[in-house]
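Hello,

Here is the structure we spoke about handing over. My notes on it follow below.

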Amino acid sequence: MTTPTIEVTNVSKSFGGVAANKLVSMSVEPGKITGLIGPNGSGKTTLFNSIVGYHPIDEGSIKFEGQEISKLRVQQIARLGMLRTFQQTRIYGKMDCVQNMLISVPHRTATFSDMFTKYPAELTEKAEHLLEFVGLYQKRKLISGDLSFGQQKLLEFAMALMNEPKVLLLDEPTAGINPTLINGLIDRLKRANEEFGITLFVIEHNMRVIMNLAEKIYCLAHGEMLAEGTPDEIKDDQRVIDAYLGAH
Ligand code: ADP
Ligand code: MG
């Protein structure tokens, strides 16, 4: 058996009296696209935050490529090659796209000033190549605050790729994006997985999107892991159907 890229075992996390994750266990296999679904408030973002070291967990174990990481901080985990994107975009609206790309590489570059002095041509070339990959090459000199919300999400994705992560955690990448851009984004996510070999772990509220994208899907409800399976298994799982219906 291969070592999972991410292995979560019996992880719990509470905020005050709210148990956001209760004894959650799951794994992400190398080279695959794994999905995480569940109604609003079911604990998806909390699980991501625990995995990337954004907050300490109350109990359990989180391993990255076999190494315990549950006591490490965000920057240490990022250096191992695991990055996440946010539900809300985090770009610098007053900078253009290329500038946003250049400031997104603290994990690989020794100091901030190195980035602009030592490797400008190389990094700029890489930034432009990745902007082309996500379909933003024509907009590369535009102030990113002027991009549409969907384009900002594509920029954020490209910024994450600048760091050449081994694994990328995406929190609702298609939320608020129009259907045309959603298809483009799905295509880019698949290509990042296939061509760059990046393992993906994707939170997605849109069932059609996750069914199309992931080979394996986990479903959280009320902080607990309710079900796991292939898209076909999850689609027909009565517990998952009830959880979604119960949420509306
Ligand atoms: P999801 O991403 O599935 O919508 P979250 O993980 O954001 O769910 O939230 C799960 C539960 O934990 C919710 O009840 C939410 O209010 C609570 N929660 C999440 N983050 C915090 C926090 N920083 N402080 C207090 N409560 C939180
Ligand atoms: Mg969330």
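**Salt bridges and the ligand shell**

E65 counts as partly exposed, with a relative accessibility of 41%. Please keep in mind that the model is predicted.

The side chain of E65 forms a salt bridge with that of K166, at 3.1 Å from N to O. E65 sits in the loop between β4 (59-64) and β5 (67-68) and K166 in the loop between α6 (149-162) and β7 (167-171), so the bridge ties together parts 101 residues apart in sequence. K166 is also partly exposed, its relative accessible area being 40%.

In total the structure holds nine salt bridges. Another of them joins the side chains of K126 and E164, at 2.7 Å from N to O. This pair links distant parts of the chain, since K126 belongs to helix α5 (residues 120-133) and E164 to the loop between α6 and β7, 38 residues apart. K126 is partly exposed at a relative accessible area of 25%, and E164 is partly exposed at 48% relative accessibility.

E228 and K216 form a further salt bridge, with their closest N and O atoms 3.0 Å apart. E228 is in strand β10 (residues 224-229) and K216 in strand β9 (residues 216-221), so this bridge ties together parts that are 12 residues apart in sequence. Both are partly exposed: E228 has a relative accessible area of 45%, and K216 has a relative accessibility of 30%. Elsewhere, D232, K235 and D236 are joined into one network by salt bridges that share partners.

What does R84 do, given that R84 is buried yet has no salt bridge? R84, in strand β6 (residues 82-84), has D171 as its nearest side chain of opposite charge, at 4.2 Å, whereas a salt bridge requires the atoms to be within 4 Å. The side chain of R84 instead makes a polar contact of 2.8 Å with the side chain of N49.

On to the ligand. The residues around ligand 1 are F15, V18, A20, P39, N40, G41, S42, G43, K44, T45 and T46. By class, that shell has four nonpolar, six polar and one charged residues. β2 (18-28) and α1 (44-51) each supply at least two residues of the shell, and α1 gives the most, with three.

Oxygen atoms of ligand 1 lie 2.7 Å from a backbone N or O atom of G41 and 3.0 Å from one of G43. A side-chain N or O atom of K44 is 2.8 Å from an oxygen atom of ligand 1. Ligand 1 taken alone exposes 560 Å², of which the protein buries 58%.

Regards

Definitions and conventions
Residues numbered from 1 in each chain as written. Chains lettered and ligands numbered in written order. Predicted model: local features only at pLDDT ≥ 70, side-chain atom pairs only at ≥ 80, totals over all residues. Heavy atoms only, no water. Near = heavy atom within 4 Å. Polar contact = N/O pair within 3.5 Å; in protein donor to acceptor, adjacent residues only side chain to side chain. Areas by Shrake-Rupley, 256 points an atom, 1.4 Å probe, with all protein chains shown as cover. Helix = DSSP H or I, 4+ residues; strand = E, 2+ residues; numbered from the N terminus. Nonpolar A, V, L, I, M, F, W, Y, C, P; charged D, E, K, R; others polar. Buried < 20%, exposed > 50% of the residue type's maximum accessible area, 1.4 Å probe, protein only. Lys, Arg positive; Asp, Glu negative; His and termini not counted.
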